[in-house]
Amino acid sequence: MERRIGIAVTALAATAAALLPAAATAATTTAATTTSGRPAAQPAAAPNPDFTVRCFTTTAGIQQAESWVFVPAPSTAGRTVTATHRTSYRGCAGSAHSTVNQNTPVQWTASCTDPFPTSTTETITYVWDSGDTTTVVFDKVRTSKDAGGNVIRFRTDSTGKVTAGSGVGKAVTRSTLFDPVGSGCNQDRTEVFGNASQFTIG
């Protein structure tokens, strides 16, 4: 059983790594980084007040991938880490279909058993293939432990609002299940991958 779970986690990480943008160093990371793997974006659009988007992971194989890059990695005893959130949403419905981003690095204290704060906030700017840009302030980001077999994953549920760009004032929801830190514990750097079951604006 443990071997099958390990294989499944490895497969998810490999898939997410292929979808997510390459991580940049803390000194050069900015929100909404563009990579060669990202679909060509349209020219910047004027803010669209009616902007909506719905991104779901489906049984048909559409996967909404996220990850957190930790430098250094969480430790057994807990230590201050610099964390960069990376997202890749594809096959979305509504005003846009895809986005690839990473946020400005933030810091918190992380251990291998508790890599994420129980409750925090987050601000991230998404640049969509439609040319729309949306800045979202998640005022509630809550993490709980999700036990399945011998593996404990981390469920992050977030709610917020668009504060700038297309869709200003619209509500935003996000729910992501992240893998354990695993073998990345106590390392100089590690990346923890997750699968977003939903991301919606409006």
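Visitor: Which hand does the disulfide of Cys112 and Cys185 have, and why?
Guide: The torsion about the S-S bond of Cys112 and Cys185 is about 90°, so that disulfide is right-handed. A disulfide here is a pair of cysteine sulfur atoms within 2.5 Å, and this one has S to S 1.9 Å.

Visitor: Is this an experimental structure or a predicted one?
Guide: This is a predicted model, where local features need pLDDT of at least 70, side-chain atom pairs count only at pLDDT 80 or more, and totals for chains, interfaces and linings use all residues. Residues are numbered from 1 along each chain as its sequence is written, and side-chain values use heavy atoms, with hydrogens and water left out.

Visitor: Back to that pair. Where do Cys112 and Cys185 lie?
Guide: Cys112 is in the loop between β6 (106–110) and β7 (119–127), and Cys185 is in the loop between β10 (171–178) and β11 (190–201), so the pair ties together parts that are 73 residues apart in sequence. Strands are DSSP runs of E, at least two residues, and helices are runs of H or I, at least four, numbered from the N terminus.

Visitor: Buried or exposed, that Cys112?
Guide: Cys112 is buried, with a relative accessible area of 15%, and Cys185 is buried too, at 16%. Buried means under 20% relative accessible area, exposed over 50%, and partly exposed in between (1.4 Å probe, protein chains only).

Visitor: How many disulfides does the structure hold?
Guide: It holds 2 disulfides. Cys55 and Cys92 form a disulfide with their sulfur atoms 2.1 Å apart. Cys55 lies in strand β1 (residues 53–56) and Cys92 in the loop between β3 (79–89) and β4 (93–94), so this pair ties together parts 37 residues apart in sequence. Both Cys55 and Cys92 are buried.

Visitor: New topic: what does Ser144 touch?
Guide: Leaving out residues up to four places away in sequence, Ser144 touches Arg153, Phe154 and Arg155. Contact means heavy atoms within 4.5 Å. Ser144 sits in strand β8 (residues 133–148) and counts as partly exposed, at 38% relative accessibility.

Visitor: And what's the mean pLDDT of the chain?
Guide: The mean is 84, and 78% of the residues reach 70 or more. pLDDT is the predictor's confidence in each residue, from 0 to 100.

Visitor: Where does pLDDT stay under 50?
Guide: Residues 1–15 are one such stretch. Over residues 23–38 the pLDDT is below 50 as well. Where pLDDT is low, the predicted coordinates should not be read in detail.
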